[in-house]
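The sequence and model are shown first.

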Amino acid sequence: MKILVVGDVPLMRHVLINMLRQLDYKNVVEATDGYQALKILNQQKFDLVITDLHMPKVDGVNLLDKIRHDEALVDLPVIMITCEDNADTVKRVIKAKVSGVIIKPFNMNVLSAQLNRLFLEINVNACKAFYIAPIILTPVFSPPLIRHFAKRL
């Protein structure tokens, strides 16, 4: 699991990286802002990006937008970290298709729960994609039965 941590405050990046290492995520790379993150993302493959919302040059929402519009990165999970808890900011981030949001301050339990939720969701979606194709392609199932199974997924 390779994770890119993006944030302009060195202390916050290092605290987050230390939390990730304590959770046994050892392959962590850091970027100081969204601009640097984009350069790194074009050079290396990552499984997850954790980024701060407010940064100079390219902020978290602009970084997320560029990731979602890049064919090679479109499916890359992105967790946004912010100190803002107002509804408008959270809606703006969700509208940009973020994978998860963590509100500062947070602890390792919050980070762990968000990562577990995200990876569970990824695994469930992978299983759905894997299992629905054989059901639909199997001719012994009638259309009503196929709809029944599809609703349960």
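## A buried strand residue

Thr51 counts as buried because its relative accessibility is 1%, where buried means under 20% relative accessible area, exposed over 50% and partly exposed in between, computed with a 1.4 Å probe on protein chains only. Thr51 belongs to strand β3. Helices (H or I, at least four residues) and strands (E, at least two) are DSSP runs numbered from the N terminus. Leaving aside residues up to four places away in sequence, Thr51 touches Val6, Gly60, Leu63, Val78, Ile79, Met80 and Ile81; a contact requires heavy atoms within 4.5 Å.

## Basis of the model

The model is predicted: local features need pLDDT of at least 70, side-chain atom pairs count only at pLDDT 80 or more, and totals for chains, interfaces and linings use all residues. Residues are numbered from 1 along each chain as its sequence is written, and side-chain values use heavy atoms, with hydrogens and water left out.

## Overall fold

The chain contains six helices and five strands. Read from the N terminus, their order is β-α-β-α-β-α-β-α-β-α-α. Of the 153 residues, 39% are buried. Among contacts with a separation of 6 or more, 60% are between residues 24 or more positions apart.

## Helix α3 and its packing

The buried residues of α3 (60–68) are Gly60, Val61, Leu63, Leu64, Ile67 and Arg68. Viewed down the axis of α3, these buried residues fall within an arc of 160°, so they line one face of the helix; the arc is that of the directions from the helix axis to the C-beta atoms. The elements that cover them include β1, α2 (34–43), β3, β4 (78–82) and α4.

Rolling a probe the size of a water molecule over the atoms shows where empty space is left. A cavity is here a set of points, on a 1 Å grid over the protein atoms alone, where a 1.4 Å probe fits but cannot get out; lining residues have an atom within 4 Å of a point. Grid points are joined across faces, edges and corners, and a volume is the space filled by probe spheres set on the points. The count comes to one cavity of 30 Å³ or more, and the largest cavity has a volume of about 60 Å³.

The lining of the largest cavity consists of Val5, Val6, Gly7, Met12, Arg13, Leu16, Ile50, Thr51, Asp52, Ile81 and Lys104. At least two lining residues come from each of β1 (2–6), α1 (10–22) and β3. By class, the lining has six nonpolar, two polar and three charged residues; Ala, Val, Leu, Ile, Met, Phe, Trp, Tyr, Cys and Pro count as nonpolar, Asp, Glu, Lys and Arg as charged, and the others, Gly among them, as polar.

## Backbone geometry in loops

Lys104, one of the cavity-lining residues, is joined to Pro105 by a cis peptide bond with omega about -10°. Pro105 lies in the loop between β5 (100–103) and α5 (108–137).

Lys57 has a positive phi near 65° although it is not glycine, and is placed in the loop between β3 (48–52) and α3. Lys57 counts as exposed because its relative accessibility is 69%. Lys97, also not a glycine, has a positive phi of about 70° and occupies the loop between α4 (87–95) and β5. With a relative accessible area of 58%, Lys97 is exposed.

Conventions:
1 Å grid on protein atoms, 1.4 Å probe; cavity = no way out; pocket = protein on both sides within 12 Å on 5 of 7 lines; lining within 4 Å.
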